[in-house]
Amino acid sequence: MSLATWSLRHPFAVVLLFVLLVLGGLRSFQQLPVQDYPDIELPTVQVTLAQPGAVPSQLESEVARKVEDALSTLPSLKHLRTSIRDGVVSIRVEFELGKSLSDALIEAKDAVDRTRADLPSDLLPPTVSAVHVSVSPVLTYALSSPAMDEAALSWFIDDALTRRLRRIPGVEAVGRVGGVDREIEVEVDPARLSALGVTVADVSRALRLNQQQSSGGRSELGGGQQAVRVIALAARAEEVAALPVALADGRELRLDEVARVRDGHALRTRAATLDGAAVIGVEIFRARDRDQLALAAGVAAAMQQLVREHPGLRATEVVNRVDYTHEQYRGSMQMLWEGALLAVLVVWWFLRDWRATLVAAAALPLSILPTFIGMQWLGYSLNTLTLLALAVIVGILVDDAIVEVENIQRHRVGGKPIREVTEAAVNEIALAVLATTLTLVVVFLPTALMSGTAGLFFRQFGWTTVIAVLASLLVARLVTPLLAVALLRDAPLQMHGNEEGRWMRAYLRLADAALRRPLRTLLLALGTVVGSLLLATQLPAGLVPAADRGYTSVQLELPPGGSLQATLARAEQARRAIAGLAGVRGVYIAAGAAPAGPDGGARADPGRASLAVLLVPAAERPSQQQIEARIRQALQAVPGARFAVGAGALGERLELILASDSPTALAHAASSVMRGMRGIAGLSNVRTTAGPDRPEMVVRPRAAAAAEQGLTAAALGETIRIASSGDFSAALPRLSLEQRQLDVRVRLPRALLAEDSTLGNLQVRGRAGLLPLANVADIALESGPAQVDRYDRVRQVTLVADLGGVPLGRALAQVRALPAVQALPASVGLLQSGDAEWAGELAASFGWAMLLAVVCVYGVLVLLLGNLAQPLTILTAIPLSACGAVVALVVAGAQLDIPSMLGVVMLMGIVSKNAILLVEHASTAMRAGLGSREALLDACRTRARPILMTSVAMVAGMLPIAVGIGADASFRQPMAVAVIGGLLSSTVLSLLVVPVAYQAMQAAAARLARWRGRA
């Protein structure tokens, strides 16, 4: 007894099963989080080591090399990427996929701990953390308030606002951009210090020892125990000024005798403006696997509540990355409904029977809803890829039901009872339905099991498709027969439609002609396939199509040594150049923010800024890519800075790495390649991480003079550091307030640091008393690298260029053909990075996935059909689909990128289904006694209609995606175009070529059997 027969005999069990699946699917759909792309977890660890005040060249030799050597011994290590800037070493440790992230964290931490004794003593405790793929804030607000000054508003954000937002489910972190950090400034007077024989380090050290609280153990009064604390913390700046400072020689002085004490703020390192007005930015970061839409709604409600509670507070939403996600979600759901409706209309147009149409249409919701249960169980989300999977398989989900309903309709012509007709029809088609469904499963399964980062990215797409296809098989075998018996009538079906008869007769004449001229037909098909392959070589290779997200970004970088004020001025000049462009509604500036480094985070850098360019709605402006081109042109008039335009999405930039142990050869090679890249048409903003050297004040102690005075390099460094920027944060004294503590920073007045003589006149303590620093050291203005980058323990320079619409593959080929690249010395290596590296890995993964899919399809068909030759006939339909796919992509001006390759994978399963229907029926007819030609013509006559129905339904389901009406469909369109083109060509060609290939295969098998008989 087959599954379909069982369902007819146990209808209540089937109904109960699908009621539960529908209810569970609805519940799962409500609980699935909505995201832009899937969250993936890579075995990648970030090691951060900080030594405040140290320059990159010093950190490279004293810190980075030693830690890299220790990390290089870790098992399953893939790459080490190191970035060294002022005071910070960031090492990104990438492991091979399959490595447990927890094991990677433990092993990396142990390796760093082993080197701790060899590292500088003033190095801060290293941090080892996991790297998240996406660390960009999902929401950015600009806050201002006339009722609060900058310090008060900054604290309000750090305290009240952050606590309120952190309570919202899905908020992982809240960051502040701009504003100030309140602190007590103790600006010492060098003249008074010198007169009293005191150094700035003496004051800082004495204040630190006296301005603190410490444990005093326990007391035992009254038979109990009490904790003892020593508290010596001032509560106001005036109290700090009046503090007596005990010096090492026994003297004592009031702090205000040698310093001016005020309640001020720390040195400003970041600033933010919105349309030229000063604001403080607030960045909200999403936690992993949380719903973006719910997060955005919660944040918006919290912000509105805070504005109502604090009169005068203004909170302006600046950048909202959730809006694009919401738009894509709505657009995908709309296309899902539209595709389903069109597929159902196609079924009705062929069947002209609303009852039969209803039976076939029921497969759509009954297949999709159980898929949501599987998605929730696997921990997936409603994202671009899973929604794309559901939208593009709408036509596939109804295929099995179409085949069964069409077969039932054909059997009804005899006038038998509907139950008998249904049992006979579904059992007759059972093998073909099972074969077509399993073919689709084994086509998509390799996509779900792809290796590498691409596999992690597309796993949700593959498994969502597999679950939905298997659910459609369950519906076709259980529900479709049941609904057919319940809805269709016992009366015989009256066939009508002379026009359909004329089309069928015309097709059969063509099929008969093809069968009579097999060699000509096969050569013509081969020529078509070869021509399409040659045409495919003209398709440009890319990664993903450019998307229109409603905003873009401009990264600004000043020459090394630039101040925050200079950066703000240059960013404002760039803002004015951009603000007047058509389609731009505002510009938000975050100055002092470094671009994403190896850790993916941002560090304060006064010479850098990020401009978020906000665009008006898409219907009221040119495309985002056109606006970005105009921005690049407008920024050419802004001198003294380097710019990079683009939101940082996939496929926007070309990155290449030059690596070498020789800094001189590396710098020369980078300069030559960069000049060549600037000559490539289309590439813009060509830049390198190896910028010009920045100025440094270098203090070199004179060994004899320093030894005579008993001065060490460490003592000199401590005095200079405290005088210029204050002591390390961990060593600063504190002023205690009710809800927080403020740093008390001792240093020279900032105005004195701008004078040439200040450093040389700085007093240091020698054996004979105080003496100027210039007496024991030489001070010179020199230069050194502003940033040092390393790749797998050798120095590297990253070359970056904005593609500006140029296909990634074409740009990469042009760069590799440059004379400067061809003439690279042996000591310099060229490596692909970023999008170029990922595109290469993705192409290899897709290639293996398609090869494995073909092998799996053949294996499944051999097992189901019990024949080695027939599956080869079915596989001939796969190259026939490439013809239409390539032509459609060329006509649409698309690239050979991720979505188009996904379309090709889909085609492999879809076109195999059509061939299976033909071959399976022909084999059955031949076993019934018909000759080869008669059996093939009978298969053409019987299976042409369901093949056309399923193909047209699939095209109809894809049509809304290909047209791209409504939400930005840049990612989905190329796949839909490839599938529609491939379906059209394969349907037409396979209806003629597959019968001929089957006939040729049968003739070859017969000749082989005769040859074996004679042997």
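Mentor: A crossing is left-handed if the near helix is turned anticlockwise from the far one by less than a right angle, and right-handed if clockwise. Helices (H or I, at least four residues) and strands (E, at least two) are DSSP runs, numbered from the N terminus. This is a predicted model: local features need pLDDT of at least 70, side-chain atom pairs count only at pLDDT 80 or more, and totals for chains, interfaces and linings use all residues. Residues are numbered from 1 along each chain as its sequence is written, and side-chain values use heavy atoms, with hydrogens and water left out.

Trainee: Which way does α20 cross α32, left-handed or right-handed?

Mentor: The crossing of α20 past α32 is left-handed. The contact (heavy atoms within 4.5 Å) involves A525, T528, V529, S532, L535 and A536 of α20, and P879, L880, A882, C883, V886, V887 and V890 of α32.

Trainee: How do the residues of that contact divide into nonpolar, polar and charged?

Mentor: There are 11 nonpolar, 2 polar and no charged. Ala, Val, Leu, Ile, Met, Phe, Trp, Tyr, Cys and Pro count as nonpolar, Asp, Glu, Lys and Arg as charged, and the others, Gly among them, as polar.

Trainee: Other topic. How many disulfides does the structure hold?

Mentor: It holds 0 disulfides, a disulfide being a pair of cysteine sulfur atoms within 2.5 Å. For C883, the nearest cysteine sulfur belongs to C940 and is 19 Å away.

Trainee: Is C883 buried or exposed?

Mentor: C883 is buried, at a relative accessible area of 6%. Buried means under 20% relative accessible area, exposed over 50%, partly exposed in between (1.4 Å probe, protein chains only).
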